[in-house]
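Please consult the sequence and structure displayed here before reading on.

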Amino acid sequence: MSKHRSYGTAHPEPQTAIDRTHADPPVAEVLDEDRYFSSHKPPAYLPELEEQMTKFIEFHAGKKNVVLVTSGGTTVPLENNTVRFIDNFSAGTRGATSAEYFLENDYAVIFLHREYSLLPYSRHYSHTTNCFLDYMTEIDNKVQINPDFADEMLVVLRKYKNATESNSLLLIPYTTVNQYLYTLKSASTIMSRLDSGALFYLAAAVSDFFLPQSRMPQHKIQSQPSGKLVIDLEQVPKFLRRLVDSWAPSAMIVSFKLETDNSILLQKSLTALSRYQHQLVIGNLLQTRKKEVVLVTPDEKTEWVRLSEQEEKNGVEIESLIVPAVIERHHKWIESKRKE
Ligand code: PMT
């Protein structure tokens, strides 16, 4: 329906991707956690978000399972008064789309997302090549919904109202990797009260390298006499293991693995499972992530989820197949924890 052509300017070119065949960095231990959180300040607004998340969990405890969906990419600021930052490609499509299918399947959703990335429901109308004004028209001096879009919009509006009126969707924003890490830790500890009823669906693309606060210049970096800017970044601690071991030990945890080379996707997914000791990795390739993914479990079982040609033509979203497959596993997880 788009009136304007998309040139795919946001699509990365896999052939120029960096070589990621180097060894994985070590998993974060208790000491790394202490070191990181004692040397980086929490965002000032964090207590407010913690209050919102606590109320949300109290509201749903014993009634609905709750999923934390992480979505979008984290930024790495290079200056405290940030003019420049490092970013990544993720628009939050996977996260925002999945959140809708979790809501449709009666889950309550905490949507931890990069601020201004795609949101559940409004994603249908933002970030398109249509201007939002194209969805409207003027009839008798009044603004009305363009009849071309009205039926489709009614379906989305009903789902949105259903989610918001039942208080089933909580939007929690982040921008920087530090904000993400602090908020993920708070959300996890708050959600741990739900035991196995808590599900983590970590679709965010989290920065691998960052500039620690102790070395961050206060003001905009000026032109260098050398004509070059050399930035010395450090590895972001891999906190997934801390999430599994300590932050929410009874929850089911699903992580994603993004690769550009098909031949290493399965191995990388299995390696992630053995490093972090969690329950499910969803492997996807940058080039085909919207039409196929692979679900990998610690027993080395793999299940490909693929859209058929017909489904692709009909505009079926792959998340409508991924989410029920995850929920089925979550129900089994809850059952197994009950028997323990
Ligand atoms: O937003 P889209 O454009 O739709 O793209 C979706 C996606 C391709 C980004 C998504 O499907 C995806 O694959 N996300 C994970 C990307 C990745 O490979 O992450 P990673 O290998 O750096 O991290 C592994 C897992 O741990 C991820 O689930 C990540 O969310 C999580 N993680 C990583 C590091 C960290 N410090 N904290 C984390 O929670």
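This is a predicted model: local features need pLDDT of at least 70, side-chain atom pairs count only at pLDDT 80 or more; totals for chains, interfaces and linings use all residues.

Residues are numbered from 1 along each chain as its sequence is written, and side-chain values use heavy atoms, with hydrogens and water left out.

**Salt bridges**

- The count comes to 20 salt bridges, each being a side-chain nitrogen of Lys or Arg within 4 Å of a carboxyl oxygen of Asp or Glu.
- Arg114 pairs with Asp87, with 2.9 Å between the closest N and O atoms.
- This pair links distant parts of the chain, 27 residues apart: Arg114 belongs to strand S4 (residues 108-114), and Asp87 to the loop between strand S3 (85-86) and helix H3 (93-104).
- Helices (H or I, at least four residues) and strands (E, at least two) are DSSP runs, numbered from the N terminus.
- Arg114 is buried at 14% relative accessibility, whereas Asp87 is partly exposed at 38%; buried means under 20% relative accessible area, exposed over 50%, and partly exposed in between (1.4 Å probe, protein chains only).
- Glu100 and Arg123 also form a salt bridge (2.9 Å, N to O), which connects helix H3 with the loop between S4 and S5 across 23 residues.
- Both Glu100 and Arg123 are buried.
- Within helix H1 (residues 30-39), Asp32 and Arg35 are three residues apart and therefore separated by about one helical turn; their closest N and O atoms are 3.6 Å apart.
- Glu33, Lys185 and Arg242 are linked in a salt-bridge network.

**Nonpolar patch and hairpin**

- Phe132, Leu133, Met136, Val143 and Ile145 make a nonpolar surface patch of about 490 Å².
- Such a patch takes residues with over 30% relative accessible area and no salt bridge, nonpolar side chains (Val, Leu, Ile, Met, Phe, Trp, Tyr) being joined within 5 Å and like charges within 9 Å.
- Areas come from the Shrake-Rupley method with a 1.4 Å probe; for residues, only the protein chains shown count as cover.
- Val143 lies in strand S6 (residues 142-145) and is exposed at 65%.
- Strand S5 (residues 136-139) runs antiparallel to S6, joined by four bridges; two strands pair if DSSP finds at least two bridges between them.
- Met136 has Ile145 as its bridge partner in S6.
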